[in-house]
Amino acid sequence: MADLHAETPFATLKPVQIGPWVLTEPAPEPVHAILPLPGAHEAASDALCAVTGLGLPGPGQSVESPHLRCLWAGRDQILAVGALPPGAIPPDCAMVTELSDGWARLRLAGPGWEDVLARGTPLDLRPSAFAVHATARTEWHHMAVLLVRLSSAVELWVMRSYAETALAHLRRDMTQRAARHRVSPPQGR
């Protein structure tokens, strides 16, 4: 098991506020990949539900309880975030691998955060297309990311090796978008 008290990629990051947006690092939590075996997705979901009350989410979705979130992260890939009880999913249903140190997470909150991210991804982030509890594996500034829409924010998941690059892009995009908000529209002649 990873030492969750070890430094995260953003251990020294204080909340960054630029314009109406605030960028933070969520508290470190255990992260496990759940990879259902061929034909065993339903059995893995049932096993997890029997122990935690949560089944595996469908494509592009997430589910949560007070102690565990399960995020769809790609075809036959689920990320369990939080307290996943040992043996919650039998090995004949899925492979479960601890990945806590492999991911870096940032949370962007504030009205119109979709506009901040829109410059870097082809994904339609409007609430009508990317609703609360939606997840998406996509490209953002030429990096593979997992986006998770929360009720009033978004989490960006990147591989740990991209952490500093993702932070630099977010700061730049927040600054540029804030500058656009401050510019007055041209007055008529």
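A residue is called buried here when its relative accessible area is under 20%, exposed when it is over 50%, and partly exposed in between, with a 1.4 Å probe and protein chains only. The model is predicted, and local features need pLDDT of at least 70, side-chain atom pairs count only at pLDDT 80 or more, while totals for chains, interfaces and linings use all residues. Residues are numbered from 1 along each chain as its sequence is written, and side-chain values use heavy atoms, with hydrogens and water left out.

Trp157 is buried, at 0% relative accessibility. Trp103 is also buried, with a relative accessible area of 12%. A pair of aromatic rings is described by the distance of the centres and the angle of the planes. Rings of Phe, Tyr and Trp (for Trp, the six-membered ring) pair if their centres lie within 6.5 Å; planes under 30 degrees apart count as stacked, over 60 as edge-to-face and the rest as tilted. One aromatic pair is counted by this rule. The ring centres of Trp103 and Trp157 are 5.6 Å apart and the planes stand at 75 degrees, so this pair is edge-to-face. It links distant parts of the chain, 54 residues apart: Trp103 belongs to strand β8 (residues 103–109) and Trp157 to strand β11 (residues 153–159). Helices (H or I, at least four residues) and strands (E, at least two) are DSSP runs, numbered from the N terminus.

The next topic is the sheet that holds these two strands. Strands of a sheet pair through backbone hydrogen bonds, either parallel or antiparallel. Two strands are taken as paired if DSSP finds at least two bridges between them. Six strands make an open sheet with antiparallel pairing, in the order β1-β2-β8-β11-β10-β9. The edges are β1 (16–18) and β9 (135–140), each with a single partner strand, so one side of each has no neighbour in the sheet. On average, neighbouring strands of this sheet are turned by 25 degrees against each other, direction ignored. Axes are lines fitted to C-alpha atoms, for helices over the stretch in contact, and angles run from 0 to 180 degrees between N-to-C directions.

A hairpin of three residues joins β10 to β11. Six of the seven residues of β11 are buried, so this strand is largely enclosed by the rest of the structure.

Arg105 lies in strand β8 and is buried, with a relative accessible area of 8%. Contact means heavy atoms within 4.5 Å. Leaving aside neighbours within four places in sequence, the contacts of Arg105 include Glu25, Glu29, Arg69, Val81, Glu155 and Trp157. Arg105 and Arg149 are 44 residues apart in sequence and 13 Å apart in space, C-alpha to C-alpha.

A second open sheet has five strands in the order β4-β5-β6-β3-β7, with antiparallel pairing. Its edge strands are β4 (62–64) and β7, each of which pairs on one side only. Here neighbouring strands are turned by 20 degrees against each other on average, direction ignored. Strand β3 is joined to β6 (residues 77–82) by four antiparallel bridges, and Val31 has Val81 in β6 as its bridge partner. Helix α1 packs on this sheet, touching β3, β5 and β7, and its direction makes about 165 degrees with that of β5.

Helix α1 (residues 41–52) has 12 residues and reaches 16 Å from its first C-alpha to its last, close to the 16 Å expected at 1.5 Å a residue; the expected span is 1.5 Å times one less than the number of residues. Its buried residues are Ala44, Ser45, Ala47 and Leu48. These cover an arc of only 160 degrees around the axis, which puts them on the same side of α1; the arc is that of the directions from the helix axis to the C-beta atoms. On the other side of α1, Glu42 and Ala50 are exposed. The cover over the buried residues includes β3 (31–36), β5 (68–74) and β7 (94–98). Just after α1, Gly53 takes a positive phi of about 85 degrees.
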